[in-house]
Amino acid sequence: MEYTKGKWKVYTDNMVGMTDIVVEDGTGFFTETIASIRRTNKNYKANAHLIVSAPKLYEALKVVKDALENNQNNGKEALQFAIKASLFITDKALAKAEGK
């Protein structure tokens, strides 16, 4: 699956009443706008953080799927390790989605 790579960030422009999801190039400049959210909805911040976390959530799901598939037949200890690693990765991705 192809999507815009880079660091997705929430950028709020108080002058126009919009919150943008932008891609930062590492030097503080924005190279692309992924989405714009009008701040008329009380959940705009949560929505913005959820969109920003989409790449991390996608990558986390791929890692979890691979870890579980690759260890499903390797015995109980390997599967337990895969589950613990999967929980760690999903916790990080969920924290990003929650804006933490």
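User: Is Tyr58 buried, partly exposed or exposed?
Analyst: In this predicted model, Tyr58 is partly exposed, because its relative accessible area is 25%. The cut-offs behind that term are under 20% for buried and over 50% for exposed.

User: Which aromatic cluster does Tyr58 belong to?
Analyst: One aromatic cluster is formed by Tyr3, Trp8 and Tyr58. In the structure there are three aromatic pairs. One of them joins Tyr3 and Tyr58, with ring centres 5.9 Å apart and planes at 80°, so this pair is edge-to-face.

User: Why those two values, a distance and an angle?
Analyst: The distance of the centres and the angle of the planes are what describe a pair of aromatic rings.

User: Where do Tyr3 and Tyr58 lie in the chain?
Analyst: Tyr3 is in the segment before β1 (7-13), while Tyr58 is in helix α2 (residues 54-71). The pair therefore ties together parts that are 55 residues apart in sequence.

User: What share of the residues is buried?
Analyst: Of the 100 residues in the chain, 22% are buried. The accessible surface of the chain is about 7200 Å², and carbon and sulfur atoms account for 55% of that surface.

User: What share of the contacts comes from residues 24 or more positions apart?
Analyst: Such residues account for 38% of the contacts in the chain that have a separation of 6 or more.

User: Changing topic: how many salt bridges are there?
Analyst: A search of the whole structure gives two salt bridges. In general, side chains of opposite charge can pair when their charged atoms come close. One of the bridges joins Glu24 and Lys9, whose closest N and O atoms are 3.4 Å apart. This pair links distant parts of the chain, since Glu24 belongs to strand β2 (residues 18-24) and Lys9 to strand β1, 15 residues apart.

User: Are those two residues buried or exposed?
Analyst: Glu24 counts as buried because its relative accessibility is 17%. Lys9 is partly exposed, with a relative accessible area of 30%.

User: Which residue forms a salt bridge with Glu59?
Analyst: Lys62 forms that bridge, and the closest N and O atoms of the pair are 3.5 Å apart. Lys62 and Glu59 are three residues apart in helix α2, so about one helical turn separates them. Lys62 counts as partly exposed at 37% relative accessibility, and Glu59 counts as partly exposed at 29%.

User: Which residues make the nonpolar surface patch?
Analyst: Leu68, Ile83 and Leu87 make this patch, which covers about 240 Å². Ile83 is located in helix α3 (residues 76-97). With a relative accessible area of 39%, Ile83 is partly exposed; a patch residue needs over 30%.

How values were computed
Residues numbered from 1 in each chain as written. Predicted model: local features only at pLDDT ≥ 70, side-chain atom pairs only at ≥ 80, totals over all residues. Heavy atoms only, no water. Patch = residues over 30% accessible without salt bridge, like charges linked within 9 Å, V, L, I, M, F, W, Y side chains within 5 Å. Areas by Shrake-Rupley, 256 points an atom, 1.4 Å probe, with all protein chains shown as cover. Salt bridge = Lys/Arg side-chain N within 4 Å of Asp/Glu carboxyl O. Helix = DSSP H or I, 4+ residues; strand = E, 2+ residues; numbered from the N terminus. Buried < 20%, exposed > 50% of the residue type's maximum accessible area, 1.4 Å probe, protein only. Contact = heavy atoms within 4.5 Å. Phe/Tyr/Trp six-rings, centres within 6.5 Å; stacked < 30°, edge-to-face > 60°.
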